[in-house]
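Subject: Structure for you to look at

Hello,

Here is the structure I said I would pass on.

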Amino acid sequence: MLVTAELVLTASVLVLLYLGWYLVVDDRVAAHRQTSSATDLERAWDAAPAPSPVPEASAPRTGEAFATIRVPRFGADWRRMVVEGTDVEELARGVGHYTGSALPGQVGNFAVAGHRLTHGSAFTEIDRLRDGDVVGVRTAGTWFVYRVTGHEIVEPRQVDVVAAVPGEPGVAPTRALMTLTSCHPLYGSSQRYVVHAALDRTQPAADGVPVELREAVR
Amino acid sequence: MYAWLWRHLPGGRRARLAQLAAAAVLLLLVCFVWVFPAISTLSERNGATVGSAPSSTEGTVP
């Protein structure tokens with residue numbers, strides 16, 4: 001009887017330890033690793049400037065980190081790599097790009113997904129984004145400045161939010177848009193939190209980080 | 001279980017406490033480095049994207 005109680009107590013402690021590891025330790029370690037790899041990628045691009053003129057963007061291979069993303073609202077130091085693909089492996093390394101959706105700056109919808117909680121919690125604060133907030137995306141040679149235009153909370157099956165024209169699948173796009181998706185609610189995943197943005201302007205990466213991304217918004 | 005362990009550990013009170021503390025640290029290390037990562041991989045599912053099947057909403061990764 002006593003042994004059973006001791007075993008149950010021990011198991012409880014182990015479960016609590018696991019939750020603490022999963023929600024805090026692993027999350028922080030992953031966030032740190034993802035921030036570093038985004039910084040390293042930008043430094044590598046700066047060290048080896050893209051050929052001029054910049055070649056036409058080609059579709060990235062699955063798992064390829066082809067862009068970085070910065071969101072001042074998430075913090076001045078917040079940055080992640082954008083990795084091609086939205087499977088667990090890609091989202092573990094940063095933000096995942098929906099394969100087949102537009103590339104940064106292209107007409108259409110540049111759609112990405114990020115974890116709301118755990119595994120680096122890329123988009124934990126996605127619900128703090130407001131209309132007009134800046135989302136900066138960088139490729140080897142170019143910075144793309146998007147501005148938030150709105151958000152919606154949808155069912156997980158609602159794939160038309162990442163269509164070329166969000167909400168209107170099959171319609172030919174005329175504008176360069178961006179969509180960010182993550183889990184909702186924070187500690188669940190019964191829904192998806194979706195933020196839409198539109199391209200505001202671009203600038204060569206050689207000219208440095210766009211001024212909008214250097215302004216504090218907190 | 002723990003009483004049995006306490007009786008069978010050698011040394012005085014301090015030595016036994018030290019052994020138990022060392023064992024606890026070792027257990028924590030093994031859990032954090034090997035066991036917990038393996039468990040989290042087993043239960044891994046993707047809840048951040050649109051398009052996943054509705055059945056995957058149970059116990060998914062947010």
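In this predicted model, 20 residues of chain B are in contact with 35 residues of chain A. On the chain B side, the largest share comes from helix H2 (residues 13–42), which supplies five residues. Sorted by class, that side of chain B has 11 nonpolar, eight polar and one charged residues.

Next, helix H1 of chain A. H1(A) runs over residues 2–47, which makes 46 residues. At 1.5 Å a residue, H1(A) should span 68 Å, and its end C-alpha atoms are 65 Å apart, so the two values agree. H1(A) does bend, by about 40° at Trp21(A).

Trp21(A) is also one of the buried residues of H1(A); the others named are Gln34(A), Ala38(A) and Leu41(A). What covers them? The cover includes strands E1 (65–70) and E2 (79–84) of chain A, together with H2 of chain B.

Last, a residue between the two strands. Trp78(A) lies in the loop between E1 and E2 of chain A. Leaving aside neighbours within four places in sequence, Trp78(A) is in contact with Arg70(A) and Val71(A). Trp78(A) and Ala38(A) are 40 residues apart in sequence, and their C-alpha atoms are 9.6 Å apart in space.

Regards

Key. Residues numbered from 1 in each chain as written. Chains lettered and ligands numbered in written order. Predicted model: local features only at pLDDT ≥ 70, side-chain atom pairs only at ≥ 80, totals over all residues. Contact = placed C-beta atoms within 7 Å. Helix = DSSP H or I, 4+ residues; strand = E, 2+ residues; numbered from the N terminus. Nonpolar A, V, L, I, M, F, W, Y, C, P; charged D, E, K, R; others polar. Expected span 1.5 Å × (residues − 1). Bend = angle between axes of the 7 residues up to and from the residue. Buried ≥ 20, exposed ≤ 12 C-beta atoms within 10 Å, placed from the backbone.
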